[in-house]
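This briefing concerns selected local features of one structure.

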Amino acid sequence: LKKTISVKYTLYEILKTYGFNSSQIKQIAESLNVETGKEWHSKTHTTLIDRGHLLIELIDDKDILPLKIYEDGTYIYGREMKFYFLSKQINSNNEVFKKPNCVCLDARNIHYPLIIRKIKAGDRFVPFGMTGSKLVSDYLTDCKMPLFEKRRQLVVTNDEGKILWLVNQRPSNEFRITPSSKKQLIIRFMEAGKG
């Protein structure tokens with residue numbers, strides 16, 4: 001973008017279809033060298049600068065509220081997300097899931113209701129394999145997750161508000177399966193319509 005003959009003209013051609021006015025486009029063109037996080041809003045879209053990229057996203061004003069989970073079963077969250085919760089005994093043939101969309105946790109200290117929600121400022125958890133807690137926002141920044149995706153990141157918490165699982169990312173080390181675990185809670189996440 002910076003190598004084009006006219007950055008403002010190129011931006012105008014790109015952003016006018018997303019409802020950004022010429023004053024905003026001028027500000028965006030003048031801000032291309034600023035740090036990550038600067039953003040602008042039209043009536044329908046948000047654009048922001050994130051690590052040298054200009055990202056554009058449709059504004060979704062239907063914010064999804066937290067969902068309480070009272071027992072094992074299948075739950076739809078929003079329009080596109082499906083969660084499966086299953087408690088079962090651990091045996092010698094115990095299946096270990098190695099995919100990011102599925103987690104097995106020690107059910108000993110996990111009691112319903114559980115909550116599925118978006119991350120909040122100040123959320124902390126102990127990432128699997130670590131001993132100290134970390135801010136979820138710092139963990140996601142370390143993973144180089146784009147800002148729009150960070151804002152949509154989901155967590156599953158227990159009845160005390162502790163994060164059990166940073167969905168599709170990492171479980172909490174506090175609830176990991178250990179040799180003394182007898183019962184597990186399996187949580188699987190899928191986009192609705194994909195099985």
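Leu1, Ile14 and Ile56 make a nonpolar surface patch of about 220 Å² (patch residues have over 30% relative accessible area and no salt bridge, with nonpolar side chains joined within 5 Å; areas follow the Shrake-Rupley method with a 1.4 Å probe). This is a predicted model, in which local features need pLDDT of at least 70 and side-chain atom pairs pLDDT 80 or more, while totals for chains, interfaces and linings use all residues. Residues are numbered from 1 along each chain, and side-chain values use heavy atoms, without hydrogens and water.

**Patch**
- Ile14 belongs to helix H1 (residues 7-15) (a DSSP run of at least four residues; strands need at least two).
- Ile14 is partly exposed because its relative accessibility is 39% (buried is under 20%, exposed over 50%, partly exposed in between).

**Salt bridges**
- The count is five salt bridges (a Lys or Arg side-chain nitrogen within 4 Å of an Asp or Glu carboxyl oxygen).
- Asp106 pairs with Arg108 at 2.5 Å, N to O; Asp106 is buried at 7%, whereas Arg108 is partly exposed at 46%.
- Arg117 and Asp123 form a salt bridge at 2.8 Å, with Arg117 buried at 9% and Asp123 buried at 10%.
- Glu174 and Lys162 form a salt bridge at 3.1 Å. This pair ties together parts 12 residues apart in sequence, because Glu174 lies in the loop between E13 and E14 and Lys162 in the loop between E11 and E12.

**Asn158**
- Asn158 lies in the loop between strands E11 (154-157) and E12 (163-166), and is buried at 2% relative accessibility.
- The Asn158 side chain reaches the backbone nitrogen of Lys162 at 2.8 Å.

Note on methods. Buried means under 20% relative accessible area, exposed over 50%, partly exposed in between (1.4 Å probe, protein chains only). A polar contact is a pair of N or O atoms within 3.5 Å; within protein, one must be able to donate a hydrogen and the other to accept it, and residues adjacent in sequence count only if both atoms are side-chain atoms. Patches are made of residues with over 30% relative accessible area and no salt bridge: like charges are joined within 9 Å, nonpolar side chains (Val, Leu, Ile, Met, Phe, Trp, Tyr) within 5 Å.
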